[in-house]
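Here are some notes for when you next open this model. I have kept them to points you can check on screen.

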Amino acid sequence: MILEDEQTRKRHPLVGAIADFGGLALFLVAFLLTHDMIKATWALVAGSATGLAVAYAVERRIAPMPLIAGGAALVFGGLTLIFHDPIFLKMKPTFMNLAFSLGLFGGLVLKRSPIKLLMGEAVHLPDAVWRTLTWRYAFFFLFVAGLNEAVWRTQPDDIWVVFRFPGLLILTFVFSALQAPLMMKHMPKDEEAAPPPE
């Protein structure tokens, strides 16, 4: 029964999408309609809180990444609303990506791979490949943090919003897709993982 519950919890792609992107999507729509960062932040906070609540209500749990992203949206969005200053929201991607980068670099120092901890159950790769992926993602997150700083400090709100969503999502997707050849090259083949029946 426990196994069935665990499998059921993984069969809610719509709930996952709401938890992952609901707040950002509402933020983008609100900004396009109002061109007002504060009003759009209200939509972000409301959407993030709703997404987390829906995920917990349906799945009785919240996956780590939506919890981190949604929690950060509530914190930085809340600061933006309290101080009526969008600088907090604009700096959120900087702080988040710096935290991810430092976490990955810290894992490498401790001879651990946080990426393997997140994906190791679903993807089986040699430790050397996990280390390579960890290095790549650590530098990628560091690059994104710097890029966000450059964009929000030099560009108007309209440009930053497009950069934030969907720009960063596309950039992350493309970078992750570029890691696929390395992962596919070192994944155990089906016939090696499980011998064919006699």
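Is His84 buried or exposed? At 56% relative accessibility, His84 counts as exposed, where exposed means over 50% relative accessible area, buried under 20% and partly exposed in between (1.4 Å probe, protein chains only).

1. A word on the basis. This is a predicted model, in which local features need pLDDT of at least 70, side-chain atom pairs count only at pLDDT 80 or more, and totals for chains, interfaces and linings use all residues. Residues are numbered from 1 along each chain as its sequence is written, and side-chain values use heavy atoms, with hydrogens and water left out.

2. The overall fold. The protein has 10 helices and zero strands; these are DSSP runs numbered from the N terminus (helices H or I, at least four residues; strands E, at least two). Of its 198 residues, 37% are buried. Take the contacts (heavy atoms within 4.5 Å) between residues at least 6 apart in sequence: 68% of them join residues at least 24 apart.

3. The cavity. There is one cavity of 30 Å³ or more, a cavity being a set of points on a 1 Å grid over the protein atoms alone where a 1.4 Å probe fits but cannot get out. The largest cavity has a volume of about 60 Å³, taken as the space filled by probe spheres set on the points, with grid points joined across faces, edges and corners. Its lining residues (an atom within 4 Å of a point) are Leu24, Phe27, Leu44, Leu89, Lys92, Trp160 and Arg164. Helices α2 (13-34), α5 (87-109) and α8 (157-178) each give two or more residues to this lining.

4. Arg164 sits in helix α8 and, at 12% relative accessibility, counts as buried. Leaving aside residues up to four places away in sequence, Arg164 touches Leu24, Lys92 and Pro93.

5. Backbone points to look at. Phe165 and Pro166 are joined by a cis peptide bond with omega of about 20 degrees, and Pro166 lies in helix α8. Arg60, not a glycine, has a positive phi of about 60 degrees and belongs to the loop between α3 (37-59) and α4 (64-83). His84 also has a positive phi, near 55 degrees, in the loop between α4 and α5.

How values were computed. 1 Å grid on protein atoms, 1.4 Å probe; cavity = no way out; pocket = protein on both sides within 12 Å on 5 of 7 lines; lining within 4 Å.
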